[in-house]
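I opened my notebook to look up a few things in one structure.

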Amino acid sequence: MSSTATWARPIALVGTAAMVTALLAAAPQPADAAHPCRIEVTTRLDKTESFASRGSSKYYYATAKGSSVGQYDHKGNVIMTTFPKGAYPELVNKRIGEREAVGQMTKTQSSTALGSVNGDFFIAPDIRYANDIEMVRGPMVKNGRAIRGTYQRQRVVGVDKNMQPFGGLVGIRGNVRPQVLNGPTIKVRALNWHRVMGRGVTVYTTDWSTSTRSDGKATYPRPAGVAEWVLSRRNKIKSIRTSTNNSGKLGAPVAEGTKVLAFSANSALMALAAPTGTKVKVTLRQSTTTGVKLLNAVGRGLPLIEGGKAAPLGCKSYAKSSSAKSARPRTFVGWDGKGRWRTFTVPGSKLEVVNGVLLRTGGFSLANAANIAKTLGMTAAYELDGGGSTTLWTRNAKKWTRNDLYGVSNPSNCTCERAMGNGLAFVKAP
């Protein structure tokens, strides 16, 4: 979470609320946008470590005098990791609703990666009978294929199909049309989203968890449409679900080889436009702010460096919420002037488990950390999840090393790694 990440639902809800408030409060204001938040910082290089393919991690002790601009003064350790030229980020992820430690996801899904970091923030939606689901908040694109998103563009960071870094917005565009006389064209409003969006259909695939409990119910239920079409691999309608037909199957897990079109209340009558066996034309595409197509992307938080300017939203924007202003562990991802991908890690100062909850404290505010990251060479940087989710792995030969606990006091002797829904692994160009 953007606050101290936890394993406990009640605290996770508080963290999510704080994160959402921070995001809304820190939206760029016209008066601030032209005045980046400049903070005096100093850094001391403590050590340098090399890893696979000439990557490097540099460990610093840094100070930032944020009080001069309405922030706080902070000091502590930071890690700047630089990946070799040509390396790029690849999404590693679990099915929606499921989570796993980033290190394990990387070793399983991208075993030749050079390193990896944690990914998107969490949300905690209540879906049907479940009130304990934690899932990634925003869009995901993997190997050119959209996994999650809505028609409303949202913030992501990643790489486009021309292998250029991307830090912008992406949305989902598309429609479905049954191949019958005068069949209606129905807009796609979302893909694997945590609610069925109005005025069209939300598409669900096996990218959503298909795990079931001992009682046969879905472990991580997906939202149920008012009506649903189940499409075969060839996009033929296998079955139609409504309140009067197959109603017990509404919201059922998506079976392998199928996808489900979930109709909202104000589009449900369109589900009656075609009988079973009808071929349905389904179009689905990415829509980015610049028109490029993304190869890999993950949802992200605020911009920390853009165009070489640290904290570009202005000092006031980064001081409006306690989560952005206080000393926290952080993860940034971005690149330098040579186009090399970099990650910036604020480890924090203390980690312990209290009553089963992973607490991680200390670090830097967003504005302070942004100015340090710029000083250390980043020309673009974006916020990923932080707190207890802060994670950094690097690989040398077949040995993987977790580095994000550098300088962290650990009275519980816990090297616990928070389970995440996704992350970014950095791989060599083919």
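**Charged pairs**

I began with lysine 47, which is partly exposed at 33% relative accessibility. Here buried means under 20% relative accessible area, exposed over 50%, and partly exposed in between, with a 1.4 Å probe and protein chains only. This is a predicted model: local features need pLDDT of at least 70, side-chain atom pairs count only at pLDDT 80 or more, and totals for chains, interfaces and linings use all residues. Residues are numbered from 1 along each chain as its sequence is written, and side-chain values use heavy atoms, with hydrogens and water left out.

I then looked for the partner of lysine 47. Lysine 47 forms a salt bridge with glutamate 49, with 3.2 Å between the closest N and O atoms. A salt bridge is a side-chain nitrogen of Lys or Arg within 4 Å of a carboxyl oxygen of Asp or Glu. Glutamate 49 is partly exposed, at 30%.

How many salt bridges does a search of the whole structure find? I noted 17.

Next I took aspartate 215, which forms a salt bridge with arginine 213 at 2.7 Å between the closest N and O atoms. Aspartate 215 is partly exposed at 48%. Arginine 213 is partly exposed too, at 36%.

Are arginine 360 and aspartate 404 buried or exposed? Both are buried. Their side chains meet in a salt bridge, 3.1 Å from N to O. This pair links distant parts of the chain, 44 residues apart: arginine 360 is in strand 25, and aspartate 404 is in the loop between strand 28 and strand 29. Strands (E, at least two residues) are DSSP runs, numbered from the N terminus.

I traced 8 strands in an open sheet, in the order 1-2-3-23-22-26-20-21, with antiparallel pairing. The edge strands are strand 1 (41-51) and strand 21 (309-310), and each pairs on one side only. Two strands pair if DSSP finds at least two bridges between them. Strand 1 and strand 2 (residues 55-65) pair over 10 bridges. Threonine 48 stands opposite lysine 58 in strand 2.

**A network and a cavity**

I found Arg99, Glu134 and Arg418 linked in a network of salt bridges. Arg99 and Glu134 turned up again in the lining of the second largest cavity, with Phe122 and Gly421 also among the lining residues.

Methods
Helix = DSSP H or I, 4+ residues; strand = E, 2+ residues; numbered from the N terminus. 1 Å grid on protein atoms, 1.4 Å probe; cavity = no way out; pocket = protein on both sides within 12 Å on 5 of 7 lines; lining within 4 Å.
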